Amino acid sequence: MEKSKRIHLLDTLRGVSIIGMILHHILYDLYMFGFVPPSVAFSPWVTRLYTPLVATMFMLISGICCRFTRNNIRRGIKTLAAALLVTVVTVVIGQPIIFGVLHFFGCAMIIYGLCGKHLDKIPRKAAVVLWIFLFIACDVFVLNRTYEIPGLWWLGIHSSGFYSADYYPLLPWIFMFFIGTRMGQYVAEGRFPQGFYSAKPTKLGTMGRHALLIYLAHQPVCYGLCWLLSVILK
């Protein structure tokens with residue numbers, strides 16, 4: 001977004017989202033090192049409520065922000081490069097992230113950069129209804145089922161032996177991202193309440209503006225601290 005037109009509340013909301021994701025990863029790291037039982041790390045409150053809520057918030061905000069980005073394709077390529085670094089590091093430590101949230105965002109930005117003008121031709125209300133329907137359908141019939149078809153894990157079609165420590169495939173999440181881009185139209189047109197645009201900068205907003213760097217840095221730090229704690233307590 002251009003500095004003169006920056007909507008600070010979006011930065012703040014993105015900061016809240018990144019904190020939510022960090023807490024999720026800390027919980028997973030604590031589970032990996034035996035500090036938290038599976039019944040806590042994978043409880044319904046976590047897997048069916050907290051994690052989807054944080055992810056949905058992240059997808060919507062990122063979709064909105066695409067309306068204010070000058071070059072989504074370039075931004076997507078940079079994000080994919082960061083995602084590749086994450087894959088290399090996590091493969092080395094034995095917890096591979098094959099197609100995590102950064103991989104998703106990189107691909108989603110590129111797709112929107114290439115196809116956004118065509119998607120915008122769909123009437124707004126019809127588009128939102130369509131994206132919600134497709135999100136639910138793909139969540140039920142794609143993400144939550146296994147198919148012995150190799151090489152389509154990026155799409156959400158994965159085999160029973162597939163594993164990624166962080167997994168956000170294009171289906172169904174691309175449709176939540178598309179909903180965010182449509183919300184971004186209303187934001188760009190000034191149709192949200194005035195308080196949405198007049199909110200002041202916050203510390204959470206500072207985190208939101210540096211979400212990519214924080215994401216790249218937090219997991220090695222959290223993993224390292226949990227490892228150090230396990231060494232000390234053994």
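Thr-51 is buried in this predicted model, with a relative accessible area of 16% (buried means under 20% relative accessible area, exposed over 50% and partly exposed in between, with a 1.4 Å probe and protein chains only). The residue lies in helix α3, residues 44-65; helices (H or I, at least four residues) are DSSP runs, numbered from the N terminus. In this predicted model, local features require pLDDT of at least 70 and side-chain atom pairs pLDDT 80 or more, whereas totals for chains, interfaces and linings use all residues. Residues are numbered from 1 along each chain as its sequence is written, and side-chain values use heavy atoms, without hydrogens and water.

Beyond its neighbours within four places in sequence, Thr-51 contacts His-24, Val-46 and Tyr-168 (contact: heavy atoms within 4.5 Å). His-24 is 27 residues away from Thr-51 in sequence, with a C-alpha to C-alpha separation of 7.1 Å. The side chains of Thr-51 and His-24 are joined by a polar contact of 3.3 Å.

A nonpolar core is a set of buried Ala, Val, Leu, Ile, Met, Phe, Trp, Tyr and Cys residues joined through side-chain atoms within 4.5 Å. The largest such core has 41 residues, of which Met-59, Phe-104, Phe-105, Trp-173, Ile-174, Phe-175 and Phe-177 touch the most other members. Two or more residues of this core come from each of α1 (8-32), α3, α4 (72-92), α5 (101-119), α6 (124-143) and α7 (170-188). The most, nine residues, come from α7. A second, separate core has eight residues, among them Leu-10, Ile-61, Ile-64 and Cys-65.

Technical notes: A polar contact is a pair of N or O atoms within 3.5 Å; within protein, one must be able to donate a hydrogen and the other to accept it, and residues adjacent in sequence count only if both atoms are side-chain atoms.
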